[in-house]
Amino acid sequence: PARFAALAELYDDTSIRHLKRTGVDRGWRCWEIGAGSGSIAHWLCGQVGPEGSVLATDIDTRFLRQSSHSNLTVRRHDISLDPLPDQAFDLVHARLVLVHLPEREKVLDRMIAALKPGGWLLTEEFDSVSQLPAPERYPYETALKTAVALRRVMTERGVDPGFGRALAGLLRTRGLQSISAEGRMLMWPGRGVGTELIIANFQQLRDAILNSGDITASEFQADLARMDQPDFMAPSPVMWSVAARRLQA
């Protein structure tokens, strides 16, 4: 829940700005993949109105907030395995889903197949390796040893930490049109929402990070304490927001 709340505060405005650019409007059928707490799904419900519909799916729907929207359907669904309709949606949106999946390109193909001709896909993924903290060049930036250990743990689990940068090219090779791609990066200070997100990630995978042998428990705690200092500062991952349209029939 802490991670979902931080992600919503940090990135919902950006997601909504790109969703508006697709023209999402009343009567649209939308699919929100990896809906998390449901903040974007609820916003979409307001956009499409009672004439439209929003399907919000996740492998774990416990954190989806209750909604009074009658046009919202919540379903437990594994995008890698479970069946889904072809050419059913005017809009498909996923944020921080593909980066975690070893079969991410296959899943991307499934998402494209779910679009109606002329439908829009908006995918948003991190690139957390292209712009790392560089305290040797910018002394006010802080590099965390725990972050290095976390990237190794995630990579060994099949995560591609630089996948966001590849999205635009992957959509072009699949024949999608009207591709737009924007990378957004923030500077996260200590005691802020960004550091709350980092801490939530660290704590969720604490055991795996310590078992990697790359960091000690005392170093882990020191990094948590460092992010609580007012002079902490580190660049965020780059969030790539990539929109593209399926060809009309």
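Mentor: A polar contact here is a pair of N or O atoms within 3.5 Å. Keep in mind that this is a predicted model.

Trainee: Okay, Arg76 then. Which backbone oxygen does the side chain of Arg76 reach?

Mentor: That of Ile59, at 3.1 Å. The 3.1 Å pair falls within the 3.5 Å cut-off.

Trainee: What else does Arg76 touch, leaving out residues up to four places away in sequence?

Mentor: Asp58 and Thr61, along with Ile59.

Trainee: Where is Arg76 found?

Mentor: In strand β3, which covers residues 72-76.

Trainee: Is Arg76 buried or exposed?

Mentor: Exposed. Its relative accessibility is 67%, and exposed means over 50%.

Trainee: How far apart are Arg76 and Trp188 in space?

Mentor: 33 Å, C-alpha to C-alpha. In sequence, 112 residues separate Arg76 and Trp188.

Trainee: New topic: strand β9. How many of its residues are buried?

Mentor: 6 of 8, in residues 238-245. So β9 is largely enclosed by the rest of the structure.

Trainee: How many bridges join β5 to β9?

Mentor: 8. Strand β5 covers residues 115-127, and β5 and β9 run antiparallel.

Trainee: And which residue in β9 is the bridge partner of Thr123?

Mentor: Val242.

Trainee: What about β6? In what sense do β6 and β9 pair?

Mentor: Antiparallel, over 6 bridges. Strand β6 spans residues 177-184.

Trainee: Which residue in β9 does Gly183 stand opposite?

Mentor: Trp240.

Trainee: Let me recap β9, then.

Mentor: Go by partner. β9 pairs with β5 through 8 bridges, and with β6 through 6.

Technical notes
Residues numbered from 1 in each chain as written. Predicted model: local features only at pLDDT ≥ 70, side-chain atom pairs only at ≥ 80, totals over all residues. Heavy atoms only, no water. Helix = DSSP H or I, 4+ residues; strand = E, 2+ residues; numbered from the N terminus. Buried < 20%, exposed > 50% of the residue type's maximum accessible area, 1.4 Å probe, protein only. Contact = heavy atoms within 4.5 Å. Polar contact = N/O pair within 3.5 Å; in protein donor to acceptor, adjacent residues only side chain to side chain. Pairing = 2+ DSSP bridges.
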